[in-house]
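Please consult the sequence and structure shown below alongside the text.

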Amino acid sequence: MEIVRSIREMQEFAKKWRANNLSIAFVPTMGALHDGHLELMREAKKTADICIVSVFVNPLQFGPNEDFARYPRPIETDIELCKMVGVDCMFLPEVHEIYSENFSTTVNVGVITEKFEGASRTSHFQGVTTIVTKLLLATNPDWMMMGQKDYQQVLVIQKMVSDLNFAVNVVMVPTKRDDDGLALSSRNKYLSDTERKTALQIRKALLIGKQLIEKGNKTSKSIEDAMQSVLQSVEGIRIDYCSVANAITLEKKTVLESKESVVLLIAAFVGSTRLIDNEVVDVP
Ligand code: AMP
């Protein structure tokens, strides 16, 4: 497995592989890899000849009061996991390699970045779209694998790729969960045993919402109320948002339409840890 730390060297590797007619699939991550990340890598390996994984904790996408400094960085374990899955190349740039001292260019995608995660985390998506642009320019892939766990992020990146004509296919890979249903996340490491149990309410709430829709309930408010009561039925959860939206535009509606695809979106603090999860449902 190649380990690459400079953008120029990454571009040279990509150029060489492309010259040899090898297709490239890219998996951007912030490390602290778990089986959800590995699932993206397995999908990448099935799809293309070469699988590149980046690990970069991107300061630009963290707010001033968020967990950038304490975000876990077990890089040696991450390298071993990537080798185990058969990754061909890890791109591990340092912050100064990505952002020079007088860096001032950012990418802004517009309306879809303004709601949900964008409303709660100011300039988060600007950080995400800027780093993904830079990583795409460094790795030049045919495919990029992203997790459904960060549903809005995938939509934002798909919009950016379409608007800016990046020649990459963005693939959304289903969320990988623990046996009890909790979505795998690097941030689960922050949870105490009690908090981890509390966090299961998020999945429960999503499944209640899904059940209501599948039984024919089309009123957003009653679906959201039901999900909220599940979340609030235990101590220690603070809801950030808990909503039903159109799965493609993320627009909120009062009444769901037949045959519409909707997404149930939850962000909640369990203790001081902010968790997100979602479920896509086809309205009958
Ligand atoms: P992160 O390291 O958290 O920035 O995540 C890197 C990529 O892994 C993103 O595309 C995430 O959506 C994806 N990812 C994170 N957790 C999961 C999961 N449980 N299942 C599938 N993909 C995930």
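## Basis and overall form

The model is predicted: local features need pLDDT of at least 70, side-chain atom pairs count only at pLDDT 80 or more, and totals for chains, interfaces and linings use all residues. Residues are numbered from 1 along each chain as its sequence is written, and side-chain values use heavy atoms, with hydrogens and water left out.

The chain contains nine helices and nine strands; these are DSSP runs numbered from the N terminus, with helices (H or I) of at least four residues and strands (E) of at least two. Its C-alpha trace spans about 55 × 40 × 40 Å along the principal axes. The radius of gyration is 19 Å, which agrees with the value near 19 Å for a compact globule of 284 residues. This radius is taken over C-alpha atoms, and the globule rule is 2.2 Å times the number of residues to the power 0.38.

## Ligand site

The ligand is surrounded by 17 residues, where a residue counts if one of its heavy atoms lies within 4 Å of the molecule. The closest are Met 30, His 37, Asp 150, Lys 176 and Leu 184. By class, the shell has seven nonpolar, seven polar and three charged residues. Here Ala, Val, Leu, Ile, Met, Phe, Trp, Tyr, Cys and Pro count as nonpolar, Asp, Glu, Lys and Arg as charged, and the others, Gly among them, as polar.

An oxygen atom of the ligand lies 2.6 Å from a side-chain N or O atom of Asp 150. A backbone N or O atom of Met 30 is 2.9 Å from a ligand oxygen atom, and a polar backbone atom of Gly 147 is 2.9 Å from a ligand oxygen atom. The protein covers 92% of the 480 Å² of accessible area that the ligand has on its own (Shrake-Rupley method, 1.4 Å probe). Strand S2 (24-29), helix H2 (35-47) and strand S5 (143-147) each give two or more residues to the shell, and H2 gives the most, with three.

## Second largest pocket

A pocket is an open set of points on a 1 Å grid over the protein atoms alone, with protein on both sides within 12 Å along at least five of seven lines; lining residues have an atom within 4 Å of a point. The second largest pocket has a volume of about 310 Å³, the space filled by probe spheres set on points joined across faces, edges and corners.

Its lining comprises 18 residues, with Val 55, Arg 73, Ile 75, Pro 93 and Glu 94 nearest the centre. Of the lining, 12 residues are nonpolar, one is polar and five are charged. Helix H3 (residues 75-85) contributes the most, with four residues.

## Largest cavity

The structure holds one cavity of 30 Å³ or more, a cavity being a set of grid points where a 1.4 Å probe fits but cannot get out. The largest cavity has a volume of about 70 Å³. Its lining includes Lys 149, Asn 188, Arg 203 and Asp 277.

Notes: A polar contact is a pair of N or O atoms within 3.5 Å; within protein, one must be able to donate a hydrogen and the other to accept it, and residues adjacent in sequence count only if both atoms are side-chain atoms.
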